[in-house]
Amino acid sequence: MADAEIGLIGLGVMGSNLALNIAEKGNRIAVFNRTASKTHEFHQDAGSLRDRIVPCDTIKALAAAIRPPRPVIIMVQAGAAVDEQIAHLRGVLSANDIMIDAGNANFRDTMRRFGELEGSGLTFIGMGVSGGEEGARHGPSIMVGGAEASWKRVEKVLTAIAAKYEGEPCAAWLGPDGAGHFVKTIHNGIEYADMQMIAEIYGILRDGLGMAPKEIGQVFARWNEGRLDSYLIEITARVLEADDPETGKPMVDMILDRAGQKGTGKWSVIEAQQLGVPATTIEAAVAARVLSSLKDERVAAQAVYGGGVAPFPGGRDEVLADLELALFAGKVAAYAQGFAVMAEASRAFGWNLPLPTIAKIWRAGCIIRSQFLGTLAKAFSGGPVANLLMTPAFVRMMQEANPALRRIVARSAEAGLPVPALSSALGYFDSYRLGRGTSNLIQAQRDFFGAHGFERIDSSGAHHGPWGSGAA
Ligand code: ATR
């Protein structure tokens, strides 16, 4: 009987939690998983929600269980699996049905899929979902790309399952085709930067100040009451306070310092480069994960160069106050970069991305949720700005916070503590605020070896330098 309101394919961690969330909001949902045993296990374990879940063993059965026009969420591993499921769905869906890819797709794949489905009569939506397992279950942040009319058809169910920030749903239509997945990619790039800068500050507290994990956890817990108030700072405090049940030692000390990644951070850097937008802090964060994975090389290099860290100069209270402000300043730079990438993508792809709305739907549900995003949403709501660093509220905050970032980066360099993301944030800020930079020299060099020409400060047009005979 076709009485389900919606369908979902892929009962992995994200898919099963999203399905439970949808069912909990009063919807009847048909589910299908490639491995059928998982579908039945999921149904069995759904407790009081079992009656609202229709387990299906085939895609055909799934389509038959949903009331037309059918919305079907695809939540399988990004890549070829999505294309496979779309191909299967094309065989069983009919005109006006909607396929919603809710996985972590590369937005270029999403654009391609929109193209491939054109004229098929089927509707497609590329939807970024953030919030991990917990978010999927109780309210993620939802970033939708596709036709606005398609969004209108699924708005009710998506806003019902989304996180709420002071009552406002963290779900929005952001633009056509790849817009939703692109924004999710940049969200993840910013997330990498946030996490890396927090890890760098942890490194200073651990190796520069010699603090124990629980003490460091208390510092983060305190910071979570102030301007850094955010999910990532909150979980950092909780992580640092936890003990390993097996050894009784701090859990964090038992974890190998080799970070994994699934690729979305890398995509955000690639897209930033393609668009010609500097996103140095995000790049530094992605590179830091790669360097972290070279554990054996790092251990060998320490034997050659020594891994010694000099004590971090300054009194503890003064350094702690500086670290809080430095992390804040680094965060401003990272978000300025991420939003600049989105602004440029919006122009390049003709998406008209609503930057204040993006900041608003990141205030709850997603991994980078924070008070900060509320301030950022307000800063962008006054109309288009060149860069977050030029909005009056952030000008004031950066004026206050940048000296601390400078001191922390300088002292870390002297102490031998790596702070690649924080120092790139400072480098970005210093380069951005330098009215007279040093690229006059680069232009001279380019002209010298390649006759590329340069602009003069006192007249227009292309010019060449007097290096003809010198160059020869
Ligand atoms: P998770 O959400 O658990 O972190 P994932 O690996 O991104 O994991 O996605 C897992 C989901 O994608 C599962 O539902 C998986 O189906 P199985 O349970 O059968 O493994 C689904 N999946 C992965 N590759 C698939 C494919 N080629 N076709 C269909 N479903 C696929």
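## Strands and helices in a predicted model

Strand β6 (residues 123–130) and strand β7 (residues 141–145) run antiparallel and are joined by five bridges. Helices here are DSSP runs of H or I with at least four residues, strands are runs of E with at least two, and both are numbered from the N terminus. Two strands count as paired if DSSP finds at least two bridges between them. S130 has S141 in β7 as its bridge partner.

This is a predicted model, where local features need pLDDT of at least 70, side-chain atom pairs count only at pLDDT 80 or more, and totals for chains, interfaces and linings use all residues. Residues are numbered from 1 along each chain as its sequence is written, and side-chain values use heavy atoms, with hydrogens and water left out.

Now for the whole sheet: it's open, with eight strands in the order β3-β2-β1-β4-β5-β6-β7-β10 and mixed pairing. Its edge strands, each pairing on one side only, are these:

| Edge strand | Residues |
|---|---|
| β3 | 53–56 |
| β10 | 171–175 |

From one strand to the next, the twist averages 25°.

Next, a pair of helices. The axes of α14 (residues 316–349) and α17 (residues 392–415) come within 7 Å and cross at roughly 120°. Axes are lines fitted to C-alpha atoms, for helices over the stretch in contact (heavy atoms within 4.5 Å), and angles run from 0 to 180 degrees between N-to-C directions. Among the residues that meet are F328 in α14 and L405 in α17.
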